[in-house]
Structures are given as C-alpha cells and as structure tokens.
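Subject: Handover of a structure for your review

Dear colleague,

Please find below the structure that I am passing on to you. I would be grateful if you could read the notes after it with the coordinates open.

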Amino acid sequence: MDKSNSAALHTCSGPSARTPQEYFSAYEEMVANLPYQQIDRAIGEIMGAYERGANIFTLGNGGSAALASHFACDLAKGTVVSENGEKRFRVIALTDNIPLMTAWANDHGYEQVFAQQLQNLVVAGDLALAISGSGNSPNVLRGLEMARSRGARTVGLTGFEGGQMKSLCDVCVVLPSNNMQIIEDFHLSVTHAISSVIRQTMLDGLRVHRMAATGMAD
C-alpha cells in the first residue's frame, strides 16, 4: 500500500479509544450538534418520493453498504402500517445484487458498480440516497452523478466536512465528527430516526383518514 493511501485510511479511521467510556463520551458532543434541519429536509425528500410514486435507490460501501441495505428494509417494510399497505415505498438497495456488482466491477471497474446499475433503472423524479462516511468514495460519487444526469433527486449521509459528495446532493446530512466509527454509529441512528418519523407520519395520516371517514358515516 502506498503512503498516500495509507494516510487516507488512517485519517478516515479517526482517533482510537482506550476505554469504552472514552469512546462513548463522543456521543454527547455529536448529539448536541446533530444537523436536525438537514435531517428534516432528508425526510421531506424521502416522503416526496413516496407521494409521487418514485423509486428510491440506496448505495454505499463497507459499513455504509450494510446500512444501505438496512435502510431499504426499514423503508420497504418498517413503514407499512394498516391500510397504507396498498401504497408502499418503492426502494431498492444497489448493494444487494452481488453477482451484478461484481460483473460491473470486473468489466468496468469498481467505480462503476452503482452508476451502471442506475443507468438501467433511474428516471427523472426518482431519489438516490448515498451513504459515505468520508463523502469521497469514487463509486458513490459516480452513482450520484448518474442519478443527477437523469433528473433524479439526491440525498447524502456523510461525515467529516461532507467531502466531494456534498456538492452532488440536493440535501446532504453531514455529521460533525472526524471519527469514522462514531460517524457510522450515528448514520444508523439517523436512518432509524428518519424511518421512525416516517412511520409515525403514516400512523397520523391513518388517524385523520379514520376520523374523516367516521364523520362522513355520521
């Protein structure tokens, strides 16, 4: 491994902790500085995609790939409540088709594993939701570029200073930390907060619908 790559990996890893207490002490500062306005805007983008029947594509690498799949599951299944079962989120994790990813990587390079999948699928009005701790993963950047070229909306979830991906996103949630592990911890928390808020929004909508239906029956 060359020195530049080694330095980049070290920087992205962030500081280590000598004890669990030292590690978790970073949570207090993160919670106090979470970008709630941007998280709310991300919720708005996701709900907008739902309301217009658009597709949502999630993507990321490593732990972010796992979260891309996890978040797709939370949106696709976790938001289904009672009568809204007929209208559901149209969400696809681009991290789940391993044979297709390896085929694109083998023939066109790893930078293309998301962009080439999106070229088959994405249309204007869809939403690409990219997760990258550094904001500089080349394949994530190429995926966002492809989505934007097709007229899709883009949302990013990142850390550090946002990286190159910040300029490619309509909404970018940048977590204020230089520790990759803490960033990844809170990426999961942010996606759980988003899916929880969306589920409650669905439940509130059902209550309003039921009250309206009861009033009409009377």
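The following paragraphs set out what was found, from the overall fold to individual side chains.

Please bear in mind throughout that this is a predicted model. The chain contains eight helices and five strands. Read from the N terminus, the order of its elements is α-α-α-β-α-β-α-α-β-α-β-β-α. Of the 218 residues in the chain, 44% are buried. Where contacts join residues at least 6 apart in sequence, 73% of them are between residues at least 24 apart. The chain exposes about 11400 Å², and carbon and sulfur atoms account for 54% of that area.

The sheet

The five strands make up an open sheet with parallel pairing, arranged in the order β2-β1-β3-β4-β5. Its edges are β2 (90–93) and β5 (171–174), each of which pairs on one side only. On average, neighbouring strands of the sheet are turned by 15 degrees against each other, direction ignored. Within the sheet, β1 (residues 55–59) and β3 (residues 127–131) pair in the parallel sense over four bridges. Here Ile-56 is found opposite Leu-127 of β3.

Helices across the sheet

Helix α3 (residues 36–51) lies across β1, β3, β4 (153–158) and β5, and runs at about 140 degrees to β5. Tyr-50 belongs to this helix and counts as buried, with a relative accessibility of 10%. The C-alpha atom of Tyr-50 is 8.5 Å from that of Lys-87, although 37 residues separate the two along the chain.

Helix α7 (residues 138–149) lies across β1, β3 and β4, running at about 165 degrees to β3. With 12 residues at 1.5 Å a residue, α7 should span 16 Å, and this agrees with the 16 Å between its end C-alpha atoms. The buried residues of α7 are Asn-139, Val-140, Leu-141, Gly-143, Leu-144, Met-146 and Ala-147. They pack against β1, α6 (115–121), β3 and β4. After α7 comes Gly-151, which has a positive phi near 85 degrees.

Salt bridges

Four salt bridges are found in a search of the whole structure. In one of them, Arg-153 pairs with Glu-45, and the closest N and O atoms are 2.6 Å apart. Since Arg-153 lies in strand β4 and Glu-45 in helix α3, this pair ties together parts that are 108 residues apart in sequence. Arg-153 is partly exposed at a relative accessible area of 33%, whereas Glu-45 counts as buried at 13%.

Arg-153 also forms a salt bridge with Asp-170, with the closest N and O atoms 3.6 Å apart. Asp-170 lies in the loop between β4 and β5 and Arg-153 in strand β4, so the pair joins parts that are 17 residues apart in sequence. Asp-170 is partly exposed, with a relative accessible area of 26%.

Another salt bridge brings together the side chains of Arg-142 and Glu-111, at 3.6 Å from N to O. This pair links distant parts of the chain, with Arg-142 in helix α7 and Glu-111 in the loop between α5 (98–108) and α6, 31 residues apart. Arg-142 counts as partly exposed at 23% relative accessibility, and Glu-111 is partly exposed with a relative accessible area of 40%.

Yours sincerely

Notes
Residues numbered from 1 in each chain as written. Predicted model: local features only at pLDDT ≥ 70, side-chain atom pairs only at ≥ 80, totals over all residues. Heavy atoms only, no water. Pairing = 2+ DSSP bridges. Helix = DSSP H or I, 4+ residues; strand = E, 2+ residues; numbered from the N terminus. Axes fitted to C-alpha atoms, helices over the stretch in contact; angles between N-to-C directions. Contact = heavy atoms within 4.5 Å. Buried < 20%, exposed > 50% of the residue type's maximum accessible area, 1.4 Å probe, protein only. Areas by Shrake-Rupley, 256 points an atom, 1.4 Å probe, with all protein chains shown as cover. Expected span 1.5 Å × (residues − 1).
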